[in-house]
Amino acid sequence: MLLEKAPTRERTPRVSLLPYGLLLPAAALLGLVLGYPLVRLVVISLQEYGLRSLFTGTTRFAGGDNYAAVLADPQLLPVLGRSLGFCAALVAGTLVIASGVALLLQRLGRRMRTAVTLSLIAAWALPNVASTLVWQWLFQPGYGVVNWLLTRLGFGDLTQHDWTTSPASAFTLVWLLVVWQSVPFAALTLHAGLSQIPRSYYEAAALDGAGPWRVHRTITVPFLQPILGLVTILSVIWDFTVFNQIWILTQGGPGGGTTTLGIWTFTRAFSRNDFGQGAAIAVVSVALLAGLTAVYVRRLVRSGEDL
């Protein structure tokens, strides 16, 4: 008589705490470096924090008064619209130019590709304050190289032209600078994604007689969609918080025409010494940026699930 085997009890997989332990030091460091300033920012935004508080160390709880003052300020809507529009223009310019540079890198020889890559890395590694000062010198009235070159090319006498006298030309100047600084990272990231697309897809499309635009639309873009989403999110975060370039070149002028949320926060806090309202503007900016990023990340995750 055969003995029946006793039913075996299924073992539940043990959850290892080792990965969480390895992540704990980095999480603690990020919490200290990023979390504490954010919490402190929120606390200051709820206080009547001015120049007197810096010397006495005493503050009065203001509740939502700072937020009410910011939301009722007539500058809020123009500054917010200006910030969103400028961010969209920066992101669009960066993605279009970076995509073109990435496609160009795919068609260059090894030596030329290496030279262009090193040039992009050098431009990206240059600190934005130093590159902004160089940009300021290039467009300087009187002895700027760009003004001299445009004059010699027959665009009129632009030797003494000041590019920061009107909001349109000032924003164009800042746009060129920020896009020039942002393109290298985006282009190299997209180039890395292009190098991972199997060549067999392009060969099959060529055999089917597909044109360059159709190949780009049906093969290149779908494969690059996750990377394009990542680059877009990072560009939105970086471009929405642009400060150094605008402050050095225009300081928010002329007439507040280039004032964005970052410039408005700085001037409200340090020019008017109203640190409570400045912190409130910063909190509103962080909340708005987090909302925009969350919406785009959600759409990106949904599109990834559909693929």
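**Pockets and a buried glutamine**

Guide: With 8 residues, H10 gives the most to the lining of the second largest pocket, where helices are DSSP runs of H or I with at least four residues, numbered from the N terminus. This is a predicted model, in which local features need pLDDT of at least 70, side-chain atom pairs count only at pLDDT 80 or more, and totals for chains, interfaces and linings use all residues. Residues are numbered from 1 along each chain as its sequence is written, and side-chain values use heavy atoms, with hydrogens and water left out.

Visitor: Why is Gln245 called buried?

Guide: Buried means under 20% relative accessible area (1.4 Å probe, protein chains only), and Gln245, at 7% relative accessibility, therefore counts as buried. Gln245 is found in helix H11, residues 244-249.

Visitor: What makes Asn128 and Gln181 residues that Gln245 touches?

Guide: Contact means heavy atoms within 4.5 Å, and, not counting residues up to four places away in sequence, Gln245 touches Asn128, Thr132, Val174, Leu177, Val178 and Gln181.

Visitor: Which residues are closest to the centre of the largest pocket?

Guide: About 330 Å³ of space lies in the largest pocket, a volume being the space filled by probe spheres set on grid points joined across faces, edges and corners. Of its 17 lining residues, Asn128, Gln181, Ser182, Trp238 and Gln245 are the closest to its centre. A pocket is an open set of points on a 1 Å grid over the protein atoms alone, where a 1.4 Å probe fits, with protein on both sides within 12 Å along at least five of seven lines, and lining residues have an atom within 4 Å of a point. H8 supplies the largest share of this lining, 4 residues.

Technical notes: Helices (H or I, at least four residues) and strands (E, at least two) are DSSP runs, numbered from the N terminus. Buried means under 20% relative accessible area, exposed over 50%, partly exposed in between (1.4 Å probe, protein chains only).
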